[in-house]
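Colleague: Please pick one part of this predicted model and take me through it closely. Give the cut-offs as you go.

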Amino acid sequence: LIVIALSIAAGAALLSIPLAGRLVRRITTLATATTKLASGIYDIRVPAESTDELGQLARDFNRLAGTLKKNEQLRRRWVADISHELRTPLAVLRGEVEAVQDGVRQLTPQTMDSLHTEILHLSRLVDDLYELALADIGALTYRKENLDLRTLALQAVQSHQDEFKAHELTLLCRVP
């Protein structure tokens, strides 16, 4: 009985050691990939050949890595777009101020109006960025209210009637 028990234990050990080694390798691969993903390497993928729980975890990991990579690309593009949008009014402001400093343009009320318009544009962009940041962290509060779209549309049309008349255009607004 002792020999049989030892033989069964030795057989079980011989079978379980390679199986455990295979499981440990797969877990180690996932752990290493997770560390790389956490450090910002979004191109990392792990093999997901099996259909067991570790295979499903590997597929989920790969999907997560793909999503993080896409989000990082979108974030970089968004930052590039923001910097472009901020450069435009800054360039106009700089050009106007330098023209006044160099004596190319006189500091007139029209020049001040132009500078003021660009400053307002820049302020709106910064305010929009601030609201986006608040929304991103979940700190933005919303105030819902009923709105009469008919009145709003008519006001918008009315506010631009002079521009239409100046260009000899007629705008008809029929809102039910």
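Modeller: A residue is buried under 20% relative accessible area, exposed over 50% and partly exposed in between, with a 1.4 Å probe and protein chains only. Helices are DSSP runs of H or I, at least four residues long, numbered from the N terminus. The part I pick is helix α2 (53-101).

Two notes on the source. The model is predicted: local features need pLDDT of at least 70, side-chain atom pairs count only at pLDDT 80 or more, and totals for chains, interfaces and linings use all residues. Residues are numbered from 1 along each chain as its sequence is written, and side-chain values use heavy atoms, with hydrogens and water left out.

Start with the span. α2 has 49 residues. From first C-alpha to last, α2 reaches 70 Å, close to the expected 72 Å. That expectation is 1.5 Å times one less than the number of residues.

Next, the buried side. Among the buried residues of α2 are L54, G55, A58, F61, I82, P89 and L93. The list also includes N62 and E72. The buried residues of α2 pack against α1 and α3 (109-137). Contact here means heavy atoms within 4.5 Å.

Now the charges. Side chains of opposite charge can pair when their charged atoms come close. A salt bridge is a side-chain nitrogen of Lys or Arg within 4 Å of a carboxyl oxygen of Asp or Glu. The count by this rule is eight.

D52 and R26 meet in a salt bridge, N to O at 2.8 Å. D52 lies in the loop between α1 (2-38) and α2, and R26 in α1, so this pair ties together parts that are 26 residues apart in sequence. D52 is partly exposed at 29%.

E98 is partly exposed at 34%, whereas R94 is exposed at 58%.

E96 is another case. E96 is buried, with a relative accessible area of 13%, yet forms a salt bridge with R105 at 2.7 Å between the closest N and O atoms. R105 is partly exposed at 33%.

Just after α2, G103 takes a positive phi of about 85°.

Technical notes: Helix = DSSP H or I, 4+ residues; strand = E, 2+ residues; numbered from the N terminus.
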